[in-house]
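Let's take a walk through this structure together, one element at a time. Have the view open and turn it as you read.

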Amino acid sequence: MTDAYCDCSGSPPWPPMTRLHAGAPNRYYLCLECGAVREDVYGGGAITGHRWHDAPDGTLPTAVYEEVVEILATPSGEQLELWEVTSRE
């Protein structure tokens with residue numbers, strides 16, 4: 001299996017993309033750095049093309065869009081402490 005990487009940083013090291021569960025038969029990958037989504041388009045059991053979505057929008061299937069929004073709304077490790085402090089106030 002080939003790992004997916006985003007080119008949003010402009011130079012290596014490229015940030016890895018997270019594979020999403022939704023969207024079969026195509027595969028979708030999310031960049032946690034910039035929010036871009038890469039779509040591997042499948043046909044006949046093979047990848048027939050790639051599409052890039054710069055941000056979650058109406059061009060994504062509903063299930064994929066909802067998963068992306070949920071992931072991006074979840075605080076990351078370094079944000080978690082701040083989130084916990086502000087949520088108690």
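How many bridges join S2 to S3? There are four, and the two strands run antiparallel. Keep in mind as you look around that this is a predicted model.

With that pair located, step back to the whole chain. The protein chain holds two helices and four strands, and reading along the sequence gives the order β-β-β-β-α-α. Of its 89 residues, 28% are buried. The accessible surface comes to about 6,200 Å², with carbon and sulfur atoms supplying 53% of it. Among contacts with a separation of 6 or more, 26% are between residues 24 or more positions apart.

Now follow the strands in order. Strand S1 covers residues 17–19 and pairs with S2 in the antiparallel sense over three bridges. To find this pairing on screen, look for Met17, which stands opposite Cys31 in S2. Strand S2 itself, residues 27–31, is mostly covered, with four of its five residues buried.

From S2 the chain turns back into S3. These two strands form a hairpin with five residues between them, and Gly35 in that turn has a positive phi of about 85°. A handy landmark for the pairing is Leu30, whose bridge partner in S3 is Val37.

S3 and S4 form a hairpin with two residues between them, where Gly44 in the turn has a positive phi of about 65°. Strand S4 spans residues 46–53, and its antiparallel pairing with S3 extends over seven bridges.

Asp40 sits in strand S3, which runs over residues 37–43. Is Asp40 buried or exposed? Its relative accessible area is 2%, so Asp40 counts as buried, the cut-off being under 20%. A second polar contact, of 3.0 Å, links the side chains of Asp40 and Arg38.

Looking past its sequence neighbours up to four places away, Asp40 touches Asn26, Arg27, Tyr29, Ile47, Gly49 and His50. Two of the names in that list, Arg27 and Tyr29, fall within the residue range of S2. For a sense of distance, the C-alpha atoms of Asp40 and Trp52 are 9.0 Å apart, with twelve residues of chain separation.

Finally, move on to helix H1, residues 62–73. At 1.5 Å a residue its twelve residues should span 16 Å, and its end C-alpha atoms are 16 Å apart, so the two agree. Which residues of H1 are buried? They are Val64, Glu67 and Val68. These three cover an arc of only 100° around the axis, and therefore lie on the same side of H1. The cover over them includes S2 and S3, the strands where our tour began. The face of H1 turned away from this buried side carries the exposed residues Thr62, Glu66, Glu70 and Ala73.

Terms used. Residues are numbered from 1 along each chain as its sequence is written. This is a predicted model: local features need pLDDT of at least 70, side-chain atom pairs count only at pLDDT 80 or more; totals for chains, interfaces and linings use all residues. Side-chain values use heavy atoms; hydrogens and water are left out. Buried means under 20% relative accessible area, exposed over 50%, partly exposed in between (1.4 Å probe, protein chains only). Contact means heavy atoms within 4.5 Å. Accessible areas come from the Shrake-Rupley method with a 1.4 Å probe; for residues, only the protein chains shown count as cover. Two strands pair if DSSP finds at least two bridges between them. A polar contact is a pair of N or O atoms within 3.5 Å; within protein, one must be able to donate a hydrogen and the other to accept it, and residues adjacent in sequence count only if both atoms are side-chain atoms. The expected span of a helix is 1.5 Å times one less than its number of residues. The arc is that of the directions from the helix axis to the C-beta atoms.
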